[in-house]
Amino acid sequence: MNLILLGPPGAGKGTQAAKIIGKYEIPHISTGDIFRENIKEGTPLGKKAQEYMNRGELVPDSLVIEIATDRLTKDDCKEGFLLDGFPRTVEQAEALDKFLAEDGKKVDHVLNIDVEADILMKRLTGRRVCKGCGATFHITNIPPKVEGVCDVCGEELYQRDDDTEETVANRIEVYNSQTKPLIDYYEKSGNISHLDGSVDPDELLAEIVKILGD
Ligand code: AP5
Ligand code: MG
Ligand code: ZN
């Protein structure tokens with residue numbers, strides 16, 4: 001099961017990914033998470049990616065394609081994978097198709113989660129993420145039991161550097177101009193489903209399970 005989660009920033013890709021991998025036991029591959037790991041560790045890749053991310057711009061295709069395809073060669077991807085935040089441009093999508101085809105594989109399904117822009121802004125500026133385990137919360141939509149503390153592991157919660165109003169606005173614009181065309185790209189291969197991401201997270205998961213099957 002080779003899956004892609006598509007959708008604007010704040011659509012709930014990461015939130016659903018955590019639920020989907022619990023059910024289907026495939027690895028969750030988020031290029032954003034890979035970059036944030038590298039920024040935390042101060043690697044050369046992290047240094048390169050950080051300047052783009054803080055402006056809400058896309059990291060250059062050549063770099064992202066290399067990182068993503070390298071991750072997909074790992075053993076845990078043999079039975080399938082869930083991509084979150086990759087591909088994000090037509091060039092990345094074409095590179096992914098080519099990479100998979102070399103191994104006789106393909107993208108089996110694309111889950112496109114859609115949410116209105118004003119909801120996205122509220123979700124992202126109110127998001128809090130765990131420093132320890134990466135679990136995602138929201139100050140009003142999905143609040144932790146104790147303010148500022150992760151329900152899962154008890155570590156401190158933080159706000160992502162790119163979750164400021166200004167950067168979020170740019171991320172949404174970049175999504176509309178560079179990533180949205182991927183909907184048409186996958187529409188042509190006929191393996192895309194459209195989901196309303198404004199509903200409750202568990203309701204959305206139930207819709208996804210209906211599409212993917214048990
Ligand atoms: P990335 O980390 O991928 O960020 P993004 O695509 O902007 O998406 P987010 O992670 O912000 O949103 P999400 O859809 O995962 O929402 P979440 O579940 O957290 O990328 C970051 C940056 O890295 C990019 O800007 C770019 O610079 C670079 N990058 C990464 N990949 C790249 C690529 N392929 N090419 C080039 N550059 C790349 O939910 C958001 C909030 O809403 C949370 O607070 C959550 O609790 C809440 N929430 C979730 N679902 C619901 C719901 N159903 N109801 C109410 N609240 C909800
Ligand atoms: Mg995410
Ligand atoms: Zn945690």
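Axes are taken here as lines fitted to C-alpha atoms, for helices over the stretch in contact, and angles run from 0 to 180 degrees between N-to-C directions. Helices (H or I, at least four residues) and strands (E, at least two) are DSSP runs, numbered from the N terminus. The model is a predicted one, in which local features need pLDDT of at least 70 and side-chain atom pairs count only at pLDDT 80 or more, while totals for chains, interfaces and linings use all residues. Residues are numbered from 1 along each chain as its sequence is written, chains are lettered from A and ligands numbered from 1 in the order in which they are written, and side-chain values use heavy atoms, with hydrogens and water left out.

Helix 5 (residues 90–101) packs against helix 8 (residues 181–189) at an angle of about 35°, the two axes lying 9 Å apart. The contact (heavy atoms within 4.5 Å) involves Val-90, Ala-93, Glu-94, Leu-96 and Asp-97 from helix 5, together with Pro-181, Leu-182, Tyr-185 and Tyr-186 from helix 8. Seven of the residues in this contact are nonpolar, none is polar and two are charged, where Ala, Val, Leu, Ile, Met, Phe, Trp, Tyr, Cys and Pro count as nonpolar, Asp, Glu, Lys and Arg as charged, and the others, Gly among them, as polar.

One aromatic pair is found in a search of the whole structure. Tyr-185 and Tyr-186 form this pair, which is edge-to-face, with 5.0 Å from centre to centre and 85° between the planes; rings of Phe, Tyr and Trp (its six-membered ring) pair if their centres lie within 6.5 Å, and planes under 30 degrees apart count as stacked, over 60 as edge-to-face and the rest as tilted. Tyr-186 is buried, at a relative accessible area of 1%, where buried means under 20% relative accessible area, exposed over 50% and partly exposed in between (1.4 Å probe, protein chains only).

An open sheet of five strands has the order 2-3-1-4-8, with parallel pairing, two strands being paired if DSSP finds at least two bridges between them. Strand 2 and strand 8 stand at the edges with a single partner strand each, so one side of each has no neighbour in the sheet. On average, neighbouring strands of this sheet are turned by 20° against each other, direction ignored. Helix 1 (residues 13–24) packs on the sheet and touches strand 1, strand 2, strand 3 and strand 4, its direction making about 170° with that of strand 3.

Within the sheet, strand 3 (residues 81–84) is covered on both faces, with Phe-81 and Leu-83 buried on one side and Leu-82 and Asp-84 buried on the other. Strand 3 is joined to strand 1 (residues 2–6) by four bridges, with Asn-2 opposite Phe-81, and to strand 2 (residues 28–30) by three bridges, with Ser-30 opposite Asp-84. Strand 4 (residues 109–114) is largely enclosed by the rest of the structure, because five of its six residues are buried. Four bridges join strand 4 to strand 1, where Leu-5 has Leu-111 as its bridge partner and Leu-3 has His-109. Five bridges join strand 4 to strand 8, in which Leu-195 is the bridge partner of Ile-113.

Asp-200 lies in the loop between strand 8 (192–196) and helix 9 (201–212), and is partly exposed, with 44% relative accessibility. The C-alpha atoms of Asp-200 and Glu-66, which are 134 residues apart along the chain, are separated by 35 Å.
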